[in-house]
Each structure stands twice: as structure tokens, then as C-alpha cells.
Amino acid sequence: MDWRSSPAASDNKPTPIVDLSKCLELLLSRLPESLFNRPLHDLFFHLKQEKNGIETRAKILQAVSELLLDVDTYSHVAITFRPLLLDLVKRAIAHVRTLHGSNLWLESHENLVFTLAHLIPGAPFLRRQDLF
């Protein structure tokens, strides 16, 4: 059995430790109406339709990691997706790197620094040197 899964109560199939659909549903309920993210809501609906959509899960994790770059939503994401925070931060860093040279790079970089400055005191594992 993979270390990232645990046995399900009803059968012997491994289940993920983090239920992405439940976390996403909780995040969408926590976001204020002014910050409602339609593409993320559509991905959530698509995830609910599929049983195991690896591609959809990857898109959702990417979309959620980009919410870390928003000063209004990073705390909601960090609380809701705490077990996946390291992966989300890595994805956010990779996203900022892809923007290098564009008009959005400086703002995204500043938002990433702001987010990390607020997250590191409560999540010291984000100080890892291999993140950068």
C-alpha cells in the first residue's frame, strides 16, 4: 500500500488521505462572494462528476496554488489545504517562474513573498532551501 493512502472503511481500495473534493468544497464555502472563483467552481463540479480524474485533480491543485498568490485568499487556502501546503507552494513558485519577463511577474513575485512571510511562522517546513 502506498504511504499516501489508507484503507477505506467499506472496502480494501486505498483512499487518499486528503479528500480534494471536500477541501475544495470547504474552500469555496469560505471564500467571500466578492472573491468567488468561477473556474475553480467549474473544476469542482467536474471533479464531482468523475470518480478519479487525475488531470482534473492536477488542474484543481494548480488553480488552488494560484490562489496562494492572492492576498485576499491565501489564508483560506492555507487553512483548508494545510496537508498539501508544501505542494501548493511549490506549484505557486513554479507559476511565478513561468511569468518571468511578463507584466504580471513583479506583482506575482511580491504576492508570493507576502504569502510566504505570513505562512512561514505557522508552517516552518516552508523554509526548505529546495523550494527556491
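Colleague: Where is the place of Phe81?

Modeller: Phe81 sits in the loop between α4 (74–80) and α5 (85–98); helices are DSSP runs of H or I with at least four residues, numbered from the N terminus. This is a predicted model, in which local features need pLDDT of at least 70 and side-chain atom pairs count only at pLDDT 80 or more, while totals for chains, interfaces and linings use all residues. Residues are numbered from 1 along each chain as its sequence is written, and side-chain values use heavy atoms, without hydrogens and water.

Colleague: Why is Phe81 called buried?

Modeller: Buried means under 20% relative accessible area, exposed over 50%, partly exposed in between (1.4 Å probe, protein chains only). Phe81 has a relative accessible area of 0%, so Phe81 counts as buried.

Colleague: Which residues is Phe81 in contact with, leaving aside neighbours within four places in sequence?

Modeller: Contact means heavy atoms within 4.5 Å. Phe81 is in contact with Leu20, Cys23, Leu24, Leu27, Val64 and Leu88, leaving aside those neighbours.

Colleague: What are the buried residues of α2, and why are they said to be on the same side?

Modeller: The buried residues of α2 are Leu40, Leu43, Phe44 and Leu47. They cover an arc of only 105° around the axis, and therefore lie on the same side of α2; the arc is that of the directions from the helix axis to the C-beta atoms. An α-helix has 3.6 residues a turn, so residues three or four places apart point the same way.

Colleague: Which exposed residues are on the face of α2 turned away from its buried side?

Modeller: That face carries Phe45 and Gln49.

Technical notes
Helices (H or I, at least four residues) and strands (E, at least two) are DSSP runs, numbered from the N terminus.
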